[in-house]
Amino acid sequence: MFQTFEAQSSPDQGPPRLAALRTEMAQRGFDAFLVPRADAHQGEYVAPRDARLEWLTGFSGSAGFCAVLAKNAGVFIDGRYRVQVRAQVADVYTPVHWPETQLADWLTEQMPDGGKLAYDPWLHTVAEIAGLRKALPQFELIATENLVDAVWHDQPAPPDAPFTAHALEHAGETHDDKRARLAAMMKEDAAVLTLPDSIAWLLNIRGTDIARNPVPQAFAILHKTGKVDLFAGTGKTDGISDHLGPSVAIHDAHDFLGALKGLQGKVLIDKRSCPDQVATTLKVAGCDIVQGQDPCILPKACKNAAEITGAKSAHERDALAMVRFLAWLDEKAPTGGLTEIDVVKALEAFRAQTNALRDISFETICGAGPNGAIVHYRVTEATNRPVAQGDLLLVDSGGQYVDGTTDITRTIAVGAPTAEHRACYTRVLQGMVAVSRVQFPKGVGGQHLDALARAPLWMAGQDYDHGTGHGVGSYLSVHEGPQSISRRSDVALQTGMILSNEPGYYREGAFGIRIENLIVVQSAPAVAGGDDRDMLSFETLTYVPFDRTLIDTDILTNAERDWIDRYHADTLTLLAPRLDADVREWLTKACAPL
């Protein structure tokens, strides 16, 4: 069992830990200290050693930060976590709605001019610190060692699992070719890589340093020659030296700063992911720092033929597990006795029966009734809720397979849904169908498509406080940039990019609805009578039926109804031959035409 159900922290731990941190701040003469959810590699997820924000505050969400002052401590969270944060942090912390309230504005109100704002330069990007310096000229920003580490006396050790090679049949391109391809496009003498998934993709390696994300914690320097210096913990690369070959020099992680000091000429960094400490070191070394995009980001996002083939195989395998799970749930849930934890355990067991599951791709979100309204809810023994008649059950989950990463959400009615359940669900489904069906010109970004998913909800005066879709890696991080479908994304979508399509609706204290498929950008066929334009569309990767009891067919247009019927017919054709008779019978009913 990959998922566990223990609460990692509780609100009552927050006050004494905050007091200890404030004592440390006072001894050093600091007026404020920043505690982000980040590690030195700036990935979205962190190892237990780097879970400083959760240890200090109790907040376990995947995004947010805390600004600790002598009299106030603000926990900054976005719309996904505004319900969750209230349950997880003690009243010594003040939840702050972010990005509506910016950190600089909040600090200006809270701190006197001339105050000393301290931060760990490994845990904040170049862009973050530059933005704060510009916005807060009245304060003194001071880089320091991490003050949370100074008071966290039982802090876990760093992860030490060895790295592994990612087979060419799944990667689709050798790391020699990747390095040569990227080096040929470089205008700089070297590029500093700090994101673990970039390094994993470039060198065709994987790791287990971050739970649910098969990435290696490492730093790397890509040179104009195509050679790479790789910096990792002792012993972590012992098993992959032959795979890496002579053009990848292996060094201890402690030698990284020294290597930066030895660089000369133009050095590329990505200000959005590069730690401030790296830029400071390069500046002292006299390098000509060039700020640009991590050279691996876009090539990694545009999956090649082998990666797309692998994604399809992984999704078929995962869909079979999901259908078996849904058939089981349809039988068991109405009889009573199930809890959220029971559901999570059963789903993981069905995935494990594939004999191909390497890990789950994130902690399964399983929210019954009001818990479904907590967007990134993680069930624990303390919050475990029975799955009751009349509930909507939101299950968002995924698997990590060596050939692909999956992410799927289905919302299921337990017993007879209400008219309001059906109306809200159908609006969410209409939004998902709209994104699935759309064709759009090359150059269009996710921000242009986001409104399609929201339009049916907007017409009813409703909305949701998260993006419509995120990028997904190839046996890598389930959340991958730079592409997304959201109001903030101006990145042009390109063929081969895999994204989620997951509109939702959440009514606090009552229910939550989300429906999610993964899709891949492809070239669109020409439209008769259309202009001579290069058009793109989405191919669906996820084939698992929707809950037909929640679909109000009177709301649907003919085109929407036709799309859903075709989707269900394709699902039946793809999966039925590989299912036992009882599950095949369930699937046949679930995929019947509307």
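In which kind of crossing, left-handed or right-handed, does α14 pass α15? The close-up views below, taken from a predicted model, take up this pair of helices and then a second pair.

**View 1. Helix α14 packs against helix α15.** Helix α14, which spans residues 305-332, and helix α15, which spans residues 340-352, have axes that lie 8 Å apart and meet at an angle of about 140°. Since only angles over 145 degrees count as roughly antiparallel, this angle makes α14 oblique to α15. The crossing in which α14 passes α15 is right-handed, which answers the opening question.

**View 2. The residues in the contact of α14 with α15.** On the side of α14 the contact is made by D318, A321, M322, R324, F325, W328 and L329, while α15 contributes D342, V343, A346, L347, F350 and R351. Sorted by class, the residues of this contact comprise nine that are nonpolar and four that are charged, with no polar ones.

**View 3. Helix α18 crosses helix α19.** The axes of helix α18, residues 558-575, and helix α19, residues 581-590, come within 9 Å of each other and cross at roughly 165°. Because angles over 145 degrees count as roughly antiparallel, α18 and α19 are described as roughly antiparallel to each other, and their crossing is left-handed.

**View 4. The residues in the contact of α18 with α19.** Here H568, T571, L572 and L575 of α18 meet L587, T588 and A590 of α19. Four of the residues in this contact are nonpolar and three are polar, whereas none is charged.

Methods: Residues are numbered from 1 along each chain as its sequence is written. This is a predicted model: local features need pLDDT of at least 70, side-chain atom pairs count only at pLDDT 80 or more; totals for chains, interfaces and linings use all residues. Side-chain values use heavy atoms; hydrogens and water are left out. Axes are lines fitted to C-alpha atoms, for helices over the stretch in contact, and angles run from 0 to 180 degrees between N-to-C directions. Helices (H or I, at least four residues) and strands (E, at least two) are DSSP runs, numbered from the N terminus. Angles under 35 degrees count as roughly parallel, over 145 as roughly antiparallel, 65 to 115 as roughly perpendicular and the rest as oblique. A crossing is left-handed if the near helix is turned anticlockwise from the far one by less than a right angle, and right-handed if clockwise. Contact means heavy atoms within 4.5 Å. Ala, Val, Leu, Ile, Met, Phe, Trp, Tyr, Cys and Pro count as nonpolar, Asp, Glu, Lys and Arg as charged, and the others, Gly among them, as polar.
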